[in-house]
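Here is a friendly walk through one protein model and the ligand that goes with it. Please have the structure open beside you as you read.

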Amino acid sequence: MDEDKIVEQREFLKDSLRQTINFRFTDQHQGIEPPPVQKPPHPEQELIPLPGQDEWTPFRGTDLLDAISNRKSHRRFNSESLSLAELAFLLWSTQGIKQELAPGIALRTVPSAGCRHPFETYLLISNVEGLEIGIYRYLPIEHALVLEKKDKDLVEKLSPATLGQTFTAAAPVTFVWTAIPYRTEWRYTTAAHRVILMDVGHVCQNLYLACESIGCGTCAIAAYNQDLMDQLVDVDGTDEFTLYLAPVGKC
Ligand SMILES: Cc1cc2nc3c(=O)[nH]c(=O)nc-3n(C[C@H](O)[C@H](O)[C@H](O)COP(=O)(O)O)c2cc1C
């Protein structure tokens, strides 16, 4: 074990870096426009509207106390599909926008350092009612999906992309959160990266609790093949890359 390397790496966990930054030189302070709160869909992409809150009533009602006490990581899912309304509820719980305050600033159902929300949500869907197999992306402003790519071989690709964690391939849907670091760097420059990792924890915890409340289960996944996952969701690996995954299914 390289003790020096370990001690050096621990520095990343501390907020000491912030003291070295001159915030007068951030892009925000220089008056540069904030990046958009979501990656805009391609003009030719058709939006798939998602059911709103009034259509979630059939599965509403599980107590928060129960959801918190029952929360655990699930790695076995039954063969049932998810309904579009259930998926809509999980997406809103994790990245839903409650209010747009100004261009580039929106309040969501999860907290984020400086309200920067640096994530996109991709969905690897193999068994959701009404949706064909493929890779989708959530548009929180419109509360809609776009189909990024049809991919019949999706399930076969998931297992190697998650380092042989075969239960990911058995899930009807896998959430993949990518980071667009500039959204947070715009405000915090080099102090952005530590808080981006904190932010994504809140997102996944909301998914755990929301799943628990509707008879679904999930499991956080931080171990994956970076290149294969980035290829799968078709991101460049520099300005946007995979950060965290969570397969979801009925339990
Ligand atoms: C940051 C993070 C990364 C994780 N990565 C994986 C993973 O790659 N594969 C996996 O099976 N579980 C993963 N887990 C789930 C943990 O193994 C699990 O939370 C832990 O064993 C405690 O079990 P519980 O969630 O049921 O309480 C991860 C959890 C967290 C918070």
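The model is predicted: local features need pLDDT of at least 70, side-chain atom pairs count only at pLDDT 80 or more, and totals for chains, interfaces and linings use all residues. Residues are numbered from 1 along each chain as its sequence is written, and side-chain values use heavy atoms, with hydrogens and water left out.

**The ligand site**

Let us begin with the ligand. The residues around it, meaning those with a heavy atom within 4 Å, are R71, K72, S73, R75, Q165, F167, C219, A220, I221, A222, A223 and Y244. By class, this shell holds seven nonpolar, two polar and three charged residues. Here Ala, Val, Leu, Ile, Met, Phe, Trp, Tyr, Cys and Pro count as nonpolar, Asp, Glu, Lys and Arg as charged, and the others, Gly among them, as polar.

| Residue | Protein atom | Ligand atom | Distance |
|---|---|---|---|
| R75 | side-chain N or O | oxygen | 2.8 Å |
| A222 | backbone N or O | nitrogen | 3.2 Å |
| A223 | polar backbone atom | oxygen | 3.3 Å |

On its own, the ligand has 610 Å² of accessible area, and the protein covers 53% of that (Shrake-Rupley method, 1.4 Å probe).

**The sheet**

Now to the strands, which are DSSP runs of E with at least two residues, numbered from the N terminus. Seven of them make an open sheet with antiparallel pairing, in the order β1-β6-β5-β4-β7-β9-β8; two strands pair if DSSP finds at least two bridges between them. β1 (47–49) and β8 (216–218) are the edge strands, each pairing on one side only. On average, neighbouring strands are turned by 30° against each other, direction ignored, with axes fitted to C-alpha atoms.

How many bridges join β1 to β6? There are three, and the two strands run antiparallel, with β6 spanning residues 144–150. P49 has A144 of β6 as its bridge partner, while I48 stands opposite L145.

β6 also pairs with β5 (residues 134–139) in the antiparallel sense, over six bridges. Four residues lie between β5 and β6 in their hairpin, and H143 in the turn has a positive phi of about 45°.

**A helix across the strands**

Finally, helix α6 (residues 192–213) lies across β4 (119–125), β7 (173–179), β8 and β9 (241–250), where contact means heavy atoms within 4.5 Å. α6 runs at about 5° to β9, on a scale from 0 to 180 degrees between N-to-C directions.

Note on methods. A polar contact is a pair of N or O atoms within 3.5 Å; within protein, one must be able to donate a hydrogen and the other to accept it, and residues adjacent in sequence count only if both atoms are side-chain atoms.
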